[in-house]
Amino acid sequence: MTTTTEASETLSGTAAAQPERLAILNRLVARPEVGALLGAVAVFVFFTVITTKFLNPLGISTWLDDASTLGIMAVAVALLMIGGEFDLSTGVMTASTALITGLLAVHAGWNVWFALAVSLAFALAVGALNGWVVMRTGLPSFIVTLGTFLALQGLNLGVTRWATGTVQVSGMRSADGYQSAGWVFAATTKIGDARIQASVVWWIAVTAVAAIVLARTRFGNWIFAVGGSLPTARAVGVPATRTKILLFMTTAFAGWIVGACNLLRFASVQANQGVGLEFQYIIAAVIGGCLLTGGFGSVVGAALGALIFGMARQGIVLAGWNSDWFMLFLGLLLFSAVLVNNAFKKRAERVRR
C-alpha cells in the first residue's frame, strides 16, 4: 500500500513539474532577444570552426572593437524603435558632434572637455527638436529625421570646408585636455594579448543602463506603452510627448559618445563620416528583436545584434574571404530576423493570455 502511494505521489509530482517547466520554456522563448542570442552563438561557433584566428586574442579584440560603436548606437536606436519611432540622423550625428569638438578644440583653441560639452549640448538640442517636431506635427519620424540627416550632412560639409579649407578636421592630439579626454573615450586596455578599446566598455555600460531602465523603471513602461499604442498610453496618463522627446535625445546622446570615441581615438574626423550607418543601427536593433511597428524589443538583443555584425564582418576577413559576401549575409540575416521576431511576438502574446 505504501509503495502504491509513493508511486502515485511521484507521478503526481512529475505531472505537476511538466507544466512548470513548460511555462518556464514559454517565457524564455517569448523573450525578444532569444533569436539574437541563438544567432550570435551560431555565428560564433561557425567562425571558430572556420578559422583559428577568430578566437585568438587579436581576433577577439578585433570583432569586439568592430561591434562596440555599432552596439552603442543600436541600443539607443532599439529604445527609440520600441517607443515606435525611427531616427535616420543617427549616423551623421556621430560626425556632427565630432566635428564640433574638433573645430573648437583644434581651430578655436578650446580645452577638449569644453568642446565636448558644447557638442553634447548641440546633440541633445537636435534630438529634442526631432522629438518635438514629430509630436507637434504628427509627421512620421522617418520624414522628420531624414530632413535632419540632410541638414546635418550639408552643415558638416559646408562649415568644415569653410573653417579648414578641407572636409577633414585633424590635429586633436595637440589640443589642451586631449590626454584626459582620450583616456575616457579612447583608452586601450591590455588583457593578456588582447587590446580592448574604451568603446567596448562604453558599449557594455550603455547596454546595462538601458536594460535596467527598460525593465525596472516607470520610464521603461512608458516606452513600451507609447510604442504599443499612443492613444491608449495617453488615455492612461503616460506623458507621451516627454517620453518620445527623451528617446530622440537618447539616440543623439549615443551619437555624441560614438563621435567622441572615434575622434579621440583616431585624432581626426571626416565631414561625411557616419553617413549610411543609420541603417546598420536599425538592422542591428531588428536582429535583436525590435519590431518596426514598435512596442516590442530588447536592448540586450540589440547589443547582441551588433555583436553578430562584428563577428560576421571580421570573421569573413579573418577567414580570408571576399568582404563583399558580408552584404549578402546582412540581407539574409535581416530577412530571417524579421520572420523570427514576428513569430516570437505571437508566441509572447499567447503566453501573456
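Predicted model: local features only at pLDDT ≥ 70, side-chain atom pairs only at ≥ 80, totals over all residues.
# Cavity, pocket and core: a briefing

By class, the lining of the largest cavity is made up of four nonpolar, five polar and one charged residues. Of the chain's 353 residues, 47% count as buried. Among contacts between residues at least 6 apart in sequence, 78% join residues at least 24 apart.

**The cavity**

- The count comes to one cavity of 30 Å³ or more, and the largest cavity has a volume of about 30 Å³.
- Its lining consists of D87, S89, T90, M93, V126, G127, N130, F248, T251 and A252.
- Helix 4 (90-107), helix 5 (112-137) and helix 11 are the elements that give two or more residues to this lining.
- T251, one of the lining residues, lies in helix 11.
- T251 counts as buried because its relative accessibility is 1%, and the cut-off for buried is under 20%.
- Leaving aside residues up to four places away in sequence, T251 touches M73, A76, V77, L80, D87 and T90.

- Five helices each supply at least two residues of the lining: helix 3 (57-82), helix 7 (178-186), helix 8 (198-216), helix 11 (240-266) and helix 12 (277-287).
- By class, the lining of the second largest pocket divides into nine nonpolar, ten polar and four charged residues.
- Helix 11 therefore contributes two or more residues to the cavity lining and at least two to the lining of this pocket, with helices taken as DSSP runs.

**The nonpolar core**

- In soluble globular proteins, nonpolar side chains tend to be buried together.
- The largest nonpolar core here has 96 residues, and M81, V112, M172, W203, L264 and F309 touch the most other members.
- Helix 3 provides the largest share of this core, with 15 residues.
- Which residues does L264 touch, not counting those up to four places away in sequence? L264 touches V112, M172, Y178, A181, G182, F185 and A186.
- Two of these contacts, V112 and M172, are themselves among the core members that touch the most others.

**Aromatic pairs**

- Across the whole structure, a search finds twelve aromatic pairs.
- One of them joins F54 and W63, which are stacked at 5.1 Å centre to centre with 15° between the planes.
- Is F54 buried or exposed? F54 is buried, with a relative accessible area of 0%, and W63 counts as buried at 7% relative accessibility.
- F219 and W222 form an edge-to-face pair, with 6.4 Å centre to centre and 75° between the planes.
- F219 and W222 are separated by about one helical turn because they are three residues apart in helix 9.
- F219 is partly exposed, with a relative accessible area of 21%, whereas W222 counts as buried at 18% relative accessibility; the two fall into separate classes because the cut-off for buried is under 20%.
- F54 and W63 also belong to one aromatic cluster, together with F44, F46, F47 and W321.

**Two further residues**

- G228 is found in helix 9 (residues 218-228).
- G228 counts as exposed because its relative accessible area is 52%, and the cut-off for exposed is over 50%.
- From C-alpha to C-alpha, G228 and F296 are 7.5 Å apart in space, while 68 residues separate them in sequence.
- Q197 lies in strand 3 (residues 194-197), and Q197 counts as buried at 11% relative accessibility.
- Not counting residues up to four places away in sequence, Q197 touches D65, A186, A187, T188 and R265.
- A186 is touched by Q197 and also by L264.

Note on methods
Residues numbered from 1 in each chain as written. Heavy atoms only, no water. Helix = DSSP H or I, 4+ residues; strand = E, 2+ residues; numbered from the N terminus. Nonpolar A, V, L, I, M, F, W, Y, C, P; charged D, E, K, R; others polar. Core = buried A, V, L, I, M, F, W, Y, C linked by side-chain atoms within 4.5 Å. Buried < 20%, exposed > 50% of the residue type's maximum accessible area, 1.4 Å probe, protein only. Contact = heavy atoms within 4.5 Å. Phe/Tyr/Trp six-rings, centres within 6.5 Å; stacked < 30°, edge-to-face > 60°. 1 Å grid on protein atoms, 1.4 Å probe; cavity = no way out; pocket = protein on both sides within 12 Å on 5 of 7 lines; lining within 4 Å. Points joined across faces, edges and corners; volume = space filled by probe spheres on them.
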